[in-house]
Amino acid sequence: MNVDRSPMLTRRQFIIAGATASGALVLGIPALGDEANARRLGFFVEIGTDNRVRIGSSQPEIGQGVRTALPMLVAEELDVAWSQVDVTPMPLGLVRTNDGFTWKYGVQGVGGSTGLTSNLALMRQVGATARERLLRAGAARLGATVDECRTVEGTVVCDRANASLPYASLVADAAKLPEAEAPASLKSPDEYRIVGKRHGNVQVRDIVTGKARYGIDTEVPGMRYAVIARSPWLNGTVKRIDDAAARQIRGVLDVFEIEGPAMGEPYQILASGVAVVATTTWAAIKGRAALRVEWEKGPSAEDSSERFWADNERMLATRGQIGVDDGDFDDAFAKASTQVVRRYQVPFASHAPMEPQNAFAHVQEDRCHIIAPTQTPSGASRSAAWVTGLERDQIHVEFTRVGGGFGRRLTNDYVAEAALISKRTGWPIKLQWTREDDIKNDFYRPAGTHEMKAGVDENGEVIAWAHRLASASKYYRRPNMPDERLWQAELYSDDFPRHIVPNLQLEYHHNAIGVPRGSWRAPAHTANAFVVQSFLDEVAHETGEDPLALRLRLLGELRELPYENHGGPTFNPGRLARLTRFVAERIDYAKPRGAGRGVGIATHFTFGGYAAHAIEVSVSDAGDLTIERIVAAMDVGYAIHPNAVEAQLQGGTVDGLSTALGLEITVRDGQIEQSNFHDYPLAKIAAFPARFEAHVLDYDDTPTGAGEMGLPSAAPALTNAIFAATGKRLRRLPIGDQLRA
């Protein structure tokens, strides 16, 4: 297996630790530095006296299956049966160095489909090194050479001696062995018995029986409960508080102001507000309802969706910042025999995870304890350090299973809030956001207006391509982020059709609306895939070419193109063509269909993975849309945990279609208008067909993540299908009631 994408550890970084008091063998990876102390750092593998193997899982689990996939790698290289493995979560591990902090258990954090790949090499080495130690210990016990021994599912076997020893009996000996001179050898994929095979996620039983613990389930003796009344106006502040009635609510203990960031400053917490602390969450919510707060509306009080879209149109009438400029777009476009220009709109969207934001914090004089559902426990540590003034090694961070991440929990503002309230009161605090808090106070997916321009020559070749965008960059109000880089979060420089169409421009205008925004699953790809894949269909329609044929011709054969964005360093458009052909064949693309029925195709590359969707729909004369069939395919190189990859493709497809069908965050008079699922309606299960195929096609033996790529191509496949069925092109999301117009 090629693991070049993952950082390799030096020999010095990878050392066996000692035996535990119970006689178990533990493996750790010390930080750089003193090896004597390093032997007490890091615990990934423990082999009990009963020969069961406990493997530590160091990554946040947000539903992507990484808590199963990484231990599978360890178990594979350790050569034990998956049935003898137990998995246990680990806390954040940071170690102080001379110039800051480094990871104790390897990189901890998930996002950008990196949770697996950033730890792939590390986990394999953990398992292989343990096996190598046990093999040496077993050989010595049996009076054999290492070459005369082998391992079989938790046992060292010597055929010459016709004897075998379970790992459990070798723990003490293995722990005393010196480091091997050479790195432990790794298995080849054809030797895999666990990796690449279908296994259920390790927490499935706990999830379905209600035993799984999420952040919202945190209970600590003596803790108090808090909620925050946040400014309803974007960037508004507290002007005056009358908390007399709130303090009369039984159980309310304290009420005080939370100061938010000034307009333009980076976010540590999201909004100004008033904290209410009580003996129960319900008492805190009742106390908040009894507050009388006069708000200073602030600088964003005049912001509205109408003004945002109008500003975008005005911006696109002018020249913006040119991010990429290949060839001579203006000249090629002017000479093209066919010119196609279209505009599309993609709205703000909320993450809307099922588990609203929450965090536990207990700040004491010399330490702080955090428990939170977060994608970035290190970020939680930084947020708590910012609030408390403590050093990061004085902050202990536990992270629970996460009830939906989608990028929202890359930001730890809710951890900072909890720590701030605990520091102020001295109590252990559980901060709870309600659903309404969450919908109205998010770091939303950026919205934007896209103008696409293509020039096609007399031979049907696309010779000019421009993507002009006016949007609210997610990089806005990030620390140390210069304005000239805002475009890079919204237009990825090497995305298709870069390096395929010779004359290509990316142009950007920034709309500094006061709406907070941040990473949303597959970030800008969700917008750009819709735009690019819709526009391709429109170019094909204008030139009389079949959309599938145009796609395949542009994508071409297997070849590696340079790709500097997330998921690089190369992009192979031929892999997209492979998936596109596959889904087209599975859905019988060429089959004639009656009036009101059609098939749409779309494909996209992101975060190192490839995906394609073929969707068949029917639309009644009244505009009722029915998704009749979905065929989705994904190529993540090699699927370490196929069940999880398939689930990510299914979930990403549902997420993408749900958002395309009906989700939009709007602004009126400086306030977010939506508040809960009644006006931010996630699609119900009935919206999806029983004929929903999700295919995972391996390509080589190099795995990549799978969290993002199943989403972007779902929406354009749907709108392309609608066009095929009705001749009506939808250039604005969400679809909503547009088909009834």
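In which sense do β27 and strand β28 (residues 609-619) pair, and over how many bridges? In this predicted model, the two strands are joined in the antiparallel sense, and ten bridges link them. Among the residues involved, Thr 606 has Gly 609 of β28 as its bridge partner. Both strands belong to an open sheet of four strands, arranged in the order β27-β28-β29-β32 with mixed pairing. The edge positions are taken by β27 (597-606) and β32 (692-696); each has a single partner strand, so one side of each is left without a neighbour in the sheet. Direction ignored, neighbouring strands of this sheet are turned against each other by 15° on average. Helix α17 (residues 714-726) packs on the sheet and touches β27, β28 and β29 (625-635). The direction of α17 makes about 155° with that of β27.

A further open sheet is built from five strands in the order β16-β24-β23-β22-β17, and its pairing is likewise mixed. Here β16 (321-326) and β17 (338-346) stand at the edges, and each is paired with a single strand, so one side of each has no neighbour in the sheet. From one strand to the next, the twist averages 10°. The pairing of β16 with strand β24 (residues 503-510) is antiparallel and comprises five bridges. Within this pairing, Asp 326 has Leu 504 in β24 as its bridge partner. Helix α13 lies across β17, β22 (448-456) and β23 of this sheet, and runs at about 150° to β17.

Strand β23 (residues 462-471) contains Ala 470. With a relative accessible area of 0%, Ala 470 is buried. Apart from neighbours within four places in sequence, the contacts of Ala 470 are Asn 312, Met 315, Leu 316, Ala 447, Gly 448, Thr 449 and His 509. Pro 189 is 281 residues from Ala 470 along the chain, and a separation of 47 Å lies between the C-alpha atoms of the two residues.

Two helix pairs were examined for their packing geometry. Two packed helices are described by the angle between their axes and the distance between the axes. Helix α13 (residues 525-543) packs against helix α14 (residues 547-555) at an angle of about 110°, and their axes are 8 Å apart. Because angles of 65 to 115 degrees count as roughly perpendicular, α13 is described as roughly perpendicular to α14. The crossing of these two helices is right-handed. On the α13 side the contact involves Gln 533, Leu 536, Asp 537, Val 539 and Ala 540, which meet Pro 547, Leu 550, Arg 551 and Leu 554 of α14. By class, the residues of this contact comprise six nonpolar, one polar and two charged.

For helix α10 (residues 377-388) and α11, the packing angle is about 35°, with the axes 8 Å apart. The crossing of α10 and α11 is right-handed. Helix α10 contributes Ala 380, Ser 383, Ala 384, Trp 386, Val 387 and Thr 388 to the contact, and α11 contributes Val 415, Ala 416, Ala 419, Leu 420 and Lys 423. Eight nonpolar, two polar and one charged residue make up the contact of α10 with α11.

Most residues other than glycine have a negative phi, and most peptide bonds are trans. Phe 406, although not a glycine, has a positive phi of about 60°. This residue is placed in the loop between β20 (395-399) and α11 (413-425). Phe 406 is partly exposed, its relative accessible area being 27%. Asn 51, which is not a glycine either, has a positive phi of about 70°. The loop between β3 (45-47) and β4 (53-57) holds Asn 51, and this residue counts as buried at 16% relative accessibility.

Methods
Residues are numbered from 1 along each chain as its sequence is written. This is a predicted model: local features need pLDDT of at least 70, side-chain atom pairs count only at pLDDT 80 or more; totals for chains, interfaces and linings use all residues. Side-chain values use heavy atoms; hydrogens and water are left out. Axes are lines fitted to C-alpha atoms, for helices over the stretch in contact, and angles run from 0 to 180 degrees between N-to-C directions. Angles under 35 degrees count as roughly parallel, over 145 as roughly antiparallel, 65 to 115 as roughly perpendicular and the rest as oblique. A crossing is left-handed if the near helix is turned anticlockwise from the far one by less than a right angle, and right-handed if clockwise. Contact means heavy atoms within 4.5 Å. Ala, Val, Leu, Ile, Met, Phe, Trp, Tyr, Cys and Pro count as nonpolar, Asp, Glu, Lys and Arg as charged, and the others, Gly among them, as polar. Buried means under 20% relative accessible area, exposed over 50%, partly exposed in between (1.4 Å probe, protein chains only). Two strands pair if DSSP finds at least two bridges between them.
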